[in-house]
Amino acid sequence: MATVEVKMPQLGESVHEGTIGKWLKKVGEPVKKYEPLLEVITDKVDTEVTATESGVVQEILVPEGETVKVGTVLARIAPEGEPVPKRDGGVPAAAMQREISLKHDGAPPMAETPKAAPRISPVVARIAEEHGVDLSQIKGTGREGRITKQDILAYIERRATMPAPTLPAPPPVMPAPARIEAAPAAGDQVIKLTPIRKAIAEHMVRSLQVAAQVTTVMEADMSRVVSFREKHKDEFQRREGFNLTYTPFFVQATVNALRMHPYANSTFADDQIVLKRRINVGIAVALESGLIVPVVKDADEKSLLRLAREVHDLATRARDHQLNPDDVQGATFTITNHGVSGSLFATPIINQPNAAILGIGAIQKRVVVTPEGAIAIRPMCYLSLTFDHRIMDGVAADSFLAKVVEELERGGFKL
């Protein structure tokens, strides 16, 4: 076997680069074909890149934390027994040369080419389009003058504080809170943000900045859902090979409500509201490193059984770092089941550019008064809907949430 190059893969149609999250193998270690070699992080998803051949890791060319284009050679795998070039400390010679180049030039050595405008990532392009930003007005701080996400967000923040020259000065407003720069005390542990944790932080802050978010809460009697699941879960487990969870029921109830309330399945764009034709439901999945939202595409066209299969598949691949960028794109509505950790209700933050997000609390038996006036113990669940007040008013949001409750309570489920 000849030496094999491991390259940055194309992880989605709109993904042109990736960041090295973590190398799972070291130089000199054996690796089997299809065994995970490294973790790659994009602005959409983190995933594992596997070895294309068995052998020994000969060279690692790109260090952790660096972002490179699709097709960039990341490492080389040599046949077992072939010598591995190293420098002091076991770092490959090729990586050493790359580090020297970066220190002196700030970029890898390249052939002389006519200077072109720095590339921008899909994330920067999307933010620029959403906020009407002229990228020529921004000085990039990235490699080769590239405009980073932090550059454009900082520009938008500065632009927001600048008075428009043709308009009277706005009335005084409270200044934005200063960024807290607290030096760690003796004995404190400092944990550097991982790329996915940093992306989550930026996404959540940005969501609060661009949308007028309000939360409304209702309670659902889950008796029929619980009864149906208890009746079919054993047979389902034997037939499908995995557990029947409550999530598919919430997805189906939400889809039925979205059909009747299209404004909950929309997005706000400048001075217009775009009602989305497709119903793609994002399902928040908790990982050790953070949170990711894979998407059930065209959920309105799928049965409860197919929803259960897709939810299980997406959640499993998310936890195994096997999602593709396309798996987390295109959500028109999002569901987060925070009740799995015991939370009764919460006020989730909208997953932009959605109009709303549904939070599902823990199912608990509580004493309730039935419509007939009797006292009964029922499995109850709080549902919280955070919605964009630019798109929906309280009445519309409550009507949508009431429909979700109605769908859960009326039953009629079929596998």
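1. Lys-139 lies in the loop that connects helix H2 (122–131) with helix H3 (149–161); helices (H or I, at least four residues) and strands (E, at least two) are DSSP runs, numbered from the N terminus. Lys-139 is exposed, at a relative accessible area of 74%. The classes are buried for under 20% relative accessible area, exposed for over 50%, and partly exposed in between, with a 1.4 Å probe and protein chains only. From Lys-139 to Tyr-155 the separation is 16 residues in sequence and 9.4 Å in space, C-alpha to C-alpha.

2. Basis of the values. This is a predicted model, in which local features need pLDDT of at least 70 and side-chain atom pairs count only at pLDDT 80 or more, while totals for chains, interfaces and linings use all residues. Residues are numbered from 1 along each chain as its sequence is written, and side-chain values use heavy atoms, with hydrogens and water left out.

3. Confidence. pLDDT is the predictor's confidence in each residue, from 0 to 100. Its mean over the chain is 84, and 83% of the residues reach 70 or more. Residues 87–116 have pLDDT below 50, and this stretch has 37 contacts in the model beyond near neighbours in sequence; contact means heavy atoms within 4.5 Å. Where pLDDT is low, the predicted coordinates should not be read in detail.

4. Overall figures. The chain has 415 residues, of which 41% count as buried, and its secondary structure consists of 8 helices and 19 strands. Among contacts with a separation of 6 or more, 63% are between residues 24 or more positions apart. The accessible surface is about 23,300 Å², and carbon and sulfur atoms hold 54% of it; the areas come from the Shrake-Rupley method with a 1.4 Å probe, and for residues only the protein chains shown count as cover.

5. First sheet to check. Four strands form an open sheet in the order E5-E4-E2-E7, with antiparallel pairing; two strands pair if DSSP finds at least two bridges between them. Strand E5 (46–50) and strand E7 (67–69) are at the edges with a single partner strand each, so one side of each has no neighbour in the sheet. On average, neighbouring strands of this sheet are turned by 45° against each other, direction ignored. Strand E2 (residues 17–23) pairs with E7 in the antiparallel sense over 3 bridges, and Glu-17 has Lys-69 of E7 as its bridge partner.

6. Another open sheet has 4 strands in the order E1-E8-E6-E3, again with antiparallel pairing. Strand E1 (4–7) and strand E3 (30–31) are its edge strands, each pairing on one side only. E1 is joined to strand E8 (residues 73–78) by 4 bridges in the antiparallel sense, with Val-6 opposite Ala-75 in E8.

7. Hairpin. Strands E10 (residues 266–269) and E11 (residues 272–275) run antiparallel and are joined by 4 bridges. Ser-266 stands opposite Leu-275 in E11. The hairpin has 2 residues between its strands, and Asp-270 in the turn has a positive phi of about 55°.

8. Cores. A nonpolar core is a set of buried Ala, Val, Leu, Ile, Met, Phe, Trp, Tyr and Cys residues joined through side-chain atoms within 4.5 Å. The largest has 54 residues, with Leu-383 and Leu-408 making the most contacts inside it. Helix H7 (residues 304–319) contributes the most, 8 residues. Beyond its neighbours within four places in sequence, Leu-408 contacts residues including Ala-220, Met-222, Phe-249, Leu-383 and Phe-413. Another core, of 20 residues, lies apart from it and includes Val-31, Leu-38, Ala-51 and Leu-61.

How values were computed: Axes are lines fitted to C-alpha atoms, for helices over the stretch in contact, and angles run from 0 to 180 degrees between N-to-C directions.
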